[in-house]
Amino acid sequence: VLVLAAALLVARLLPETRGLRATPTGRRSEGSAGEGPGPGVVVLIAVTLLTTLAFAAMETVFPLFTQGRYGWGPVQNGLAFAFIGAIMVVVQGGFVGRGARRFGESRLLVGGLVLLAVGLGLLPVGHLVAWLMVASAVVAGGVAIVHPPTPPPPRLGCAPSQAGRTARAARPGRGPPPDPRPRGPAGAPRARGGAPALRRAP
């Protein structure tokens with residue numbers, strides 16, 4: 001509820017302040033105010049919001065659930081969350097990249113969503129600790145697939161022109177670092193001596 005209220009307030013009280021930015025070729029640069037978000041960006045933001053809400057709710061309810069059913073305390077719940085974190089590290093480090101190359105990013109994302117939904121559904125079904133650990137591992141694998149550390153720009157089939165915007169929407173602040181060189185009037189980077197820097201032809 002708080003996240004939804006914050007999103008509504010941002011949409012209402014923080015309008016777009018960036019104007020159209022012209023490039024040396026006369027075309028608008030990516031992310032200008034006249035372009036609007038593409039479908040891939042909207043879907044990616046919605047998926048990120050819903051999965052974050054689901055996992056945050058699971059983290060909140062999990063200690064209460066285990067305390068009531070298994071009599072766990074802070075130590076046992078801490079070890080359980082450490083196990084979930086270890087599964088996420090293993091999946092992100094050893095499977096996400098290979099899975100994206102083999103199955104494609106969109107299919108991998110759908111698979112992660114299915115794993116997350118199945119794991120959350122399995123958590124309250126069993127009454128054994130082993131069942132709880134298996135369901136937690138499924139949840140951790142789904143979250144690790146849906147939220148990799150650096151999501152690839154082509155995710156969800158967005159156009160190449162929107163690749164940077166999609167990556168920034170998924171992980172704000174993790175875009176490419178700005179060019180430290182001073183820029184001339186036309187926006188072209190300048191070398192140390194003041195002359196425009198030459199760009200290598202592609």
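This is a predicted model: local features need pLDDT of at least 70, side-chain atom pairs count only at pLDDT 80 or more; totals for chains, interfaces and linings use all residues.
**Exercise 1. Getting your bearings**

Work out which elements the protein has, and in what order they run.

*Solution.* Start by counting: there are seven helices and zero strands. Now walk along from the N terminus, and you read α-α-α-α-α-α-α. Next, look at how the chain folds back on itself. Take the contacts between residues at least 6 apart in sequence; 59% of them join residues at least 24 apart. Finally, check the surface. Of the 202 residues, 28% count as buried. The accessible surface comes to about 13100 Å², and carbon and sulfur atoms hold 68% of that.

**Exercise 2. H5 against H6**

Decide how helix H5 is oriented relative to H6, and say what kinds of residue make up their contact.

*Solution.* Step one is to find H5, which covers residues 105-122. Step two is the geometry: H5 and H6 pack at an angle of about 155 degrees, and their axes are 7 Å apart. Step three is to apply the cut-off. Angles over 145 degrees count as roughly antiparallel, so H5 and H6 are roughly antiparallel to each other. Their crossing is left-handed. Step four is to list who touches whom. On the H5 side you'll find Leu108, Gly112 and Leu116, among others, while the H6 side includes Trp131, Ala135 and Val139. Sorted by class, this contact has 14 nonpolar, three polar and no charged residues.

**Exercise 3. H3 against H6**

*Solution.* H3 spans residues 74-94 and H6 spans residues 129-146. The two pack at an angle of about 45 degrees, with their axes 8 Å apart. Is that roughly parallel or oblique? The crossing here is right-handed. From H3, the residues that take part include Phe83, Ile84 and Met88, and from H6 they include Met133, Ala140 and Ala144.

**Exercise 4. H4 against H5**

Classify the packing of H4 and H5, and count the charged residues in their contact.

*Solution.* H4 runs over residues 96-103, and it packs against H5 at an angle of about 125 degrees with the axes 7 Å apart. That angle makes H4 oblique to H5. From H4 come Val96, Gly99, Ala100 and Phe103, and they meet Glu105, Arg107 and Leu108 of H5. Now the classes: four nonpolar, one polar and two charged.

**Exercise 5. Two residues up close**

*Solution.* Take Ala135, in helix H6. Its relative accessibility is 1%, so Ala135 counts as buried. Skipping neighbours within four places in sequence, Ala135 is in contact with Gly119, Leu122 and Leu123. Pro124 sits 11 residues away along the chain, and the C-alpha atoms of Ala135 and Pro124 are separated by 9.0 Å.

Over to Ile87, in helix H3. With a relative accessible area of 23%, Ile87 is partly exposed. Leaving out residues up to four places away in sequence, Ile87 touches Ala137, Ala140 and Gly141. Ile87 and Val143 are 56 residues apart in sequence, yet their C-alpha atoms lie 10.0 Å apart in space.

Definitions and conventions. Residues are numbered from 1 along each chain as its sequence is written. Side-chain values use heavy atoms; hydrogens and water are left out. Axes are lines fitted to C-alpha atoms, for helices over the stretch in contact, and angles run from 0 to 180 degrees between N-to-C directions. Helices (H or I, at least four residues) and strands (E, at least two) are DSSP runs, numbered from the N terminus. A crossing is left-handed if the near helix is turned anticlockwise from the far one by less than a right angle, and right-handed if clockwise. Contact means heavy atoms within 4.5 Å. Buried means under 20% relative accessible area, exposed over 50%, partly exposed in between (1.4 Å probe, protein chains only). Accessible areas come from the Shrake-Rupley method with a 1.4 Å probe; for residues, only the protein chains shown count as cover. Angles under 35 degrees count as roughly parallel, over 145 as roughly antiparallel, 65 to 115 as roughly perpendicular and the rest as oblique. Ala, Val, Leu, Ile, Met, Phe, Trp, Tyr, Cys and Pro count as nonpolar, Asp, Glu, Lys and Arg as charged, and the others, Gly among them, as polar.
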